[in-house]
Amino acid sequence: MSSNIYKDIIRQREAVPEGQAAPVPLPADGEYVAFRSGSRVQMGFALHRASGDMDGFLYHNLDNLALRRTSGAEFLTFTHRGKAVTMQGHGLKAVMQAIMAHTLMELYEHDGKVVAMDAPVIERVQVTEAQKASQTEPR
């Protein structure tokens, strides 16, 4: 592994320079936030499900990111190394922008905690095995 990768990891943990936005703090007990984003480029992010399960995703393996609105509902989807992820909620444009900026650190599925007015919410998450192209295309 390149020593530059180690330097990047160490730099991510340093204090935030003056003039840059600080990362969103961890949510307080009883309070919900849809995501946490850092002030620097990240290597990946974690998805925390309401059940307590967790999935991790590395940016360099992320594909097919899309935000769609259907019948008033928002859906954010992406694929990652054979997995397909679908999130339903509202205010998901902010989540997509954090992913596109590579600053997203953590996503949280809503678990019944108090939600601030007009805050992004990830109501439901589904992680499935993506179909292989060879199974869906005729030969």
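From the N terminus on, the elements of the protein chain follow the order α-β-β-β-β-β-β-β-α-β-β-β-α. Colour the chain by secondary structure to see three helices and ten strands; both are DSSP runs numbered from the N terminus, helices being H or I with at least four residues and strands E with at least two. The model is predicted, with local features needing pLDDT of at least 70 and side-chain atom pairs counting only at pLDDT 80 or more, while totals for chains, interfaces and linings use all residues. Residues are numbered from 1 along each chain as its sequence is written, and side-chain values use heavy atoms, with hydrogens and water left out.

Next, select the open sheet of four strands, whose order is 2-8-3-4 with mixed pairing. Strands count as paired if DSSP finds at least two bridges between them. Strand 2 (35-37) and strand 4 (54-58) are at the edges with a single partner strand each, so one side of each has no neighbour in the sheet.

Within this sheet, select strand 3 (residues 44-48) and strand 4, which pair in the antiparallel sense over five bridges. Phe 45 has Phe 57 in strand 4 as its bridge partner.

Finally, move to strand 5 (residues 62-70) and strand 6 (residues 73-80), an antiparallel pair with seven bridges. The two strands form a hairpin with two residues between them, and Ser 71 in the turn has a positive phi of about 50°. Select Leu 67 to find Leu 76 of strand 6 opposite.
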